[in-house]
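Here are my notes on this model, point by point. Please read them with the structure open.

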Amino acid sequence: MHGRVVSFAEYGAFVELEQGVEGLVHVSEMSWTQKIKHPSKVMAVGDMIETQVLAVDPAARRISLGVRQVGENPWDSVGHRYPVGSTVEGKVRTITDFGAFIGIEEGIDGLVHISDLSWTRHVKHPSDVLKKGQPVRAVVLNIDSQKQRVSLGLKQLTPDPWDKAIPGRYPIGQDETVKVKKKTDFGLFVELEFDIEGLIPVSEIPRDSPDIKEGETVTARVTKVDRGERKVALSIKAHIKGQDKANLKEFMKQQEKFDTSIGSLMKDRGN
């Protein structure tokens, strides 16, 4: 029904449908996507508007009206406009402790949860990665039209390096010279590529080794790459043991050459 806006309250607008008959449009019934704080934000006294009758209570002499019901609910078709797996562009509207809301169209935001910001970094707060107003691209992960939620991910724009890149870069048995980032009671956290940390457990540090401080570099051998737990383990002991074996092998190789040389010399003298 068409009616004329006659007055406002904090909670809605009163609309005259005919002489002496008014209905209330509650602020929650003014928009499918926007959270209207006051009806004056979307209409003015004297405006002629189109409404839909939602409920009639003759005993209380109340008529409930809706404005948003006159138009299509954009959440009904959001899945067609932004299918799961597609890439969207928007700007960061709000940052919270658990993620960032990205405006992908007027009144519709998508949430990038903190766990979907990076494959490798341990992000403590979304503001470490994103800033309010920053333009971003993201991948649609899930859409719940009933709850009016769109889940987005930033890390999904690139392949997970834990699938191939990290295991390829750090094969088991490879020695790495790395910088100690953090020293704890249970081991040393060291800097690796791809913004990841490796752990040298205290059990893999020789007891007679000098005190290792944060910021120093050490050489250790890769002993484990766990994709499930996303951890790389290294060992100084394994590196030293490997060096000892390599030195022994080289010594034996040189010894063989020496023995061959002595044998040839004796043979020549015999002739």
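1. Strand β9 supplies the largest share of the lining of the largest pocket, with four residues. The model is a predicted one. The volume of this pocket is about 590 Å³. Its lining holds 22 residues, and those closest to the centre are Thr33, Lys35, Gly107, Asp109 and Gln148.

2. Which elements give two or more residues to the lining of the largest pocket? They are β7 (87-95), β9 (108-113) and β11 (149-153). By class, the lining of the largest pocket splits into eight nonpolar, eight polar and six charged residues.

3. Now the second largest pocket, with a volume of about 420 Å³. It is lined by 21 residues; Thr120, His122, Glu229, Arg230 and Lys231 come closest to its centre. Two or more lining residues come from each of β14 (197-201) and β16 (231-235). Strand β14 has the largest share here, four residues.

4. How do the residues lining the second largest pocket divide by class? Ten are nonpolar, five are polar and six are charged. A general point on such searches: rolling a probe the size of a water molecule over the atoms shows where empty space is left.

5. Next, the sheet. Six strands form an open sheet in the order β4-β1-β2-β3-β6-β5, and the pairing is mixed. Why does one side of β4 and of β5 lack a neighbour in the sheet? Strands β4 (48-50) and β5 (52-57) stand at the edges and have a single partner strand each, so one side of each stays without a neighbour there. From one strand to the next, the twist averages 40°.

6. Strand β1 (residues 2-9) runs antiparallel to β2, and five bridges join the two. In general, strands of a sheet pair through backbone hydrogen bonds, either parallel or antiparallel.

7. How many bridges link β2 and β3? Strand β2 (residues 12-18) pairs with β3 (residues 21-26) over six bridges, in the antiparallel sense. Within β3, Leu24 stands opposite Phe14. Glu18 has Val21 of β3 as its bridge partner. This hairpin of β2 and β3 also has two residues between the strands, and Gly20 takes a positive phi near 80° in it. As a reminder, in a regular strand the side chains alternate between the two faces of the sheet.

8. Last, a single residue. Leu141 sits in strand β10 (residues 135-144).

9. What does Leu141 touch, leaving out residues up to four places away in sequence? The contacts are Val84, Asp116, Ser151, Leu152, Gly153 and Gln156. Pro83 is 58 residues from Leu141 in sequence, yet the C-alpha to C-alpha separation in space is 8.8 Å.

Conventions. Residues are numbered from 1 along each chain as its sequence is written. This is a predicted model: local features need pLDDT of at least 70, side-chain atom pairs count only at pLDDT 80 or more; totals for chains, interfaces and linings use all residues. Side-chain values use heavy atoms; hydrogens and water are left out. Two strands pair if DSSP finds at least two bridges between them. Axes are lines fitted to C-alpha atoms, for helices over the stretch in contact, and angles run from 0 to 180 degrees between N-to-C directions. On a 1 Å grid over the protein atoms alone, a cavity is a set of points where a 1.4 Å probe fits but cannot get out, and a pocket is an open set with protein on both sides within 12 Å along at least five of seven lines; lining residues have an atom within 4 Å of a point. Grid points are joined across faces, edges and corners, and a volume is the space filled by probe spheres set on the points. Ala, Val, Leu, Ile, Met, Phe, Trp, Tyr, Cys and Pro count as nonpolar, Asp, Glu, Lys and Arg as charged, and the others, Gly among them, as polar. Contact means heavy atoms within 4.5 Å.
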